[in-house]
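Q: I would like to go through the terms used for this structure and see what each of them rests on. Please set each value against its definition.

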Amino acid sequence: RSSDGAPVSAVGLSGVARSDISPAGGEVSLDGPGELERRMAYSADPIAEGSRVRVVEQAGSRVKVVAD
C-alpha cells in the first residue's frame, strides 16, 4: 500500500518469470519498490522461466504478464 493507504498497482512493472508461466499460472518476481515476494502470475501465451516480463493487468494479488 502507498503512504496514503491506497493499494499500489503493479501494472507497468517489469520483472522475471520464476517459473514457466501459462494461462494456468506461474510465479514472477517484480522490480518495483516493496516487491519483496514472488507473485502469482498468468499469461495468455506460454512464457519460459527466466524470461523478462511486464505486468499488463492486476486482479487482486495475481498479475497478468506478457513477455518483455
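Q: What makes β1 and β2 a pair?
A: In this predicted model, β1 covers residues 14–17 and β2 covers residues 26–30, with three bridges between them in the antiparallel sense. Pairing requires at least two bridges, so β1 and β2, with three, count as paired. G15 stands opposite L30 in β2, and V16 has S29 of β2 as its bridge partner.

Q: What makes β4 and β5 a pair?
A: Six bridges join the antiparallel strands β4 and β5; at least two are needed, so the pair qualifies. V53 has A67 as its bridge partner in β5. Two residues lie between the strands of this hairpin, where G60 takes a positive phi near 65°.

Q: In which order do the strands of the closed barrel run?
A: The five strands run β1-β2-β3-β5-β4, and the pairing is mixed. Neighbouring strands of this sheet are turned by 55° against each other on average, with direction ignored. Along the sequence the pattern is β-β-β-β-β, and the protein has five strands and zero helices.

Q: Why is R39 called buried?
A: The relative accessible area of R39 is 15%. Buried means under 20%, so R39 falls in the buried class. R39 lies in strand β3 (residues 39–42). Across the whole protein, 31% of the 68 residues count as buried.

Q: Which residues does R39 touch, leaving out those up to four places away in sequence?
A: R39 touches A10, G26, E27, V28, L30, Q58, S61 and V63. Contact means heavy atoms within 4.5 Å, so each of these residues has a heavy atom within that distance of one in R39. For R39 and V63, which are 24 residues apart along the chain, the C-alpha atoms are separated by 7.4 Å.

Q: How much of the contact in the protein is between residues 24 or more positions apart?
A: Such residues account for 37% of the contacts with a separation of 6 or more.

Q: What makes the largest nonpolar core a core, and which residues form it?
A: A core is a set of buried residues of listed nonpolar types, joined through side-chain atoms within 4.5 Å. The largest has 11 residues: A10, A17, I21, V28, L30, A41, I47, V53, V55, V63 and V65. Since buried means under 20% relative accessible area, each of these 11 residues lies under that limit. The elements giving two or more residues to this core are β2, β4 and β5 (62–67).

Q: Which residues are in contact with V55, leaving aside neighbours within four places in sequence?
A: V55 is in contact with A10, V11, G12, L13, L30, V63, K64 and V65.

Key: Residues numbered from 1 in each chain as written. Predicted model: local features only at pLDDT ≥ 70, side-chain atom pairs only at ≥ 80, totals over all residues. Heavy atoms only, no water. Helix = DSSP H or I, 4+ residues; strand = E, 2+ residues; numbered from the N terminus. Buried < 20%, exposed > 50% of the residue type's maximum accessible area, 1.4 Å probe, protein only. Axes fitted to C-alpha atoms, helices over the stretch in contact; angles between N-to-C directions.
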